[in-house]
Amino acid sequence: MSGVEVSRLRKAHAGVPVLDGLDLAAAHGELTAVIGRSGSGKTTLLRLIAGFDQPDDGTITVGGRPVRGLPAEHRRIGYVTQEGNLFPHLTVLGNVAFGLPWRRRRGRHGVRELLDLVGLDARLEHRFPHQLSGGEQQRVALARALAPQPDAVLLDEPFSALDPAIRAGTRTAVAAALAATSTTTILVTHDLSEALSLATRVALVRDGTTAQQGSPADLYLRPADAAIAAFTGEVCELPAKLLGDHAATALGSAPIPRPANGQGAVLVRPEQLVLDPAAPTHATVLGVEFRGHDGLLRLGTDDGEVTARCPAHLLPATGERVGVRLTGTALATVIPPGAAESASRRPRPDRRP
């Protein structure tokens, strides 16, 4: 059974392009996360798939059938928003049963199955939405969306309004329910850690198109360009001599993703800079940003300032001299040096825990 496929999708509002030939493939039974800065067209994409708006051009296929022109109620798609949008006058039982086929609405068995699936106690079935926590409301909203056994479920920032204390448990329960039902899911989120940890595939939308789509590891470790590298996490720019398939830096040599020659720079992640007393290059610790499980170090080298990530129990003190070496493959090749600086200043995704 097919998932969701979008091809050459275009949409403009008041003459201003929002989506400009966007492609997206969400495989059956998998969770695909869509990330990108505010205004890149993520929510517009979901609304077009759901049928709330109509595209100017392009095709949308859900469950193997074209749905362009079909009204939303005939598309077999569940939609969960940030607020959940539960019916305030209905109990949990009434909200979930509303999504069930009419022949099953009178019985509680199907509702209790769905509540159990999303990790909710059946004793909550007589409560009204205002008597539930935010996390419980989102689980009820998902149960209601799953009730009619849709071909796909669309999640539009479903966890962003939740307190950090309940966010992790809620999204874990939601992901488990979706996996148990083999539901094709598209998740729009500003939380990069959420996208990388929950999704099978991630699509980064930029300027109305898909800049890169692949596994979470692909986007983080093998970004298509310097801007994507900077968007998906902290980066360090190291001056380098580019020697075909590798780059020579003051902190060591690294393979590069695309062959190049001449003076330039490479982008690496802070965790690729490893503290090693035996390393030939030493740096001065200019500052320490403690983050609990680890910390970020500002290191001063002969070539300038770099950032390294270090486990919390190994963090050196400010002013200390440390050995440092480069490991792994460079994320991107940059010519000339400094070209990645503007990319790192672009709007970044929220890094809420």
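The model is predicted: local features need pLDDT of at least 70, side-chain atom pairs count only at pLDDT 80 or more, and totals for chains, interfaces and linings use all residues. Residues are numbered from 1 along each chain as its sequence is written, and side-chain values use heavy atoms, without hydrogens or water.

**Stop 1: helix H5.** Select residues 164-180, helix H5. Helices are DSSP runs of H or I, at least four residues, numbered from the N terminus. Now color Arg 167, Thr 170, Arg 171, Ala 173, Val 174, Ala 177 and Leu 178, which are buried. Buried means under 20% relative accessible area, exposed over 50%, with a 1.4 Å probe and protein chains only. These residues cover an arc of only 165 degrees around the axis, so they lie on the same side of H5. The arc is taken from the directions from the helix axis to the C-beta atoms. Turn to the face away from the buried side: Ala 165, Thr 172, Ala 179 and Ala 180 are exposed there. Step just past H5 to Ser 182, where phi is positive, about 50 degrees.

**Stop 2: Leu 178.** Beyond its neighbours within four places in sequence, Leu 178 is in contact (heavy atoms within 4.5 Å) with residues including Leu 31, Leu 142 and Thr 185.

**Stop 3: the cysteines.** Select Cys 236, buried at 4% relative accessible area. Its closest cysteine sulfur, in Cys 310, is 13 Å away, too far for a bond. A disulfide needs two cysteine sulfur atoms within 2.5 Å; the structure holds 0. Cys 310 is also buried, at 5%.

Definitions and conventions:
Helix = DSSP H or I, 4+ residues; strand = E, 2+ residues; numbered from the N terminus. Expected span 1.5 Å × (residues − 1).
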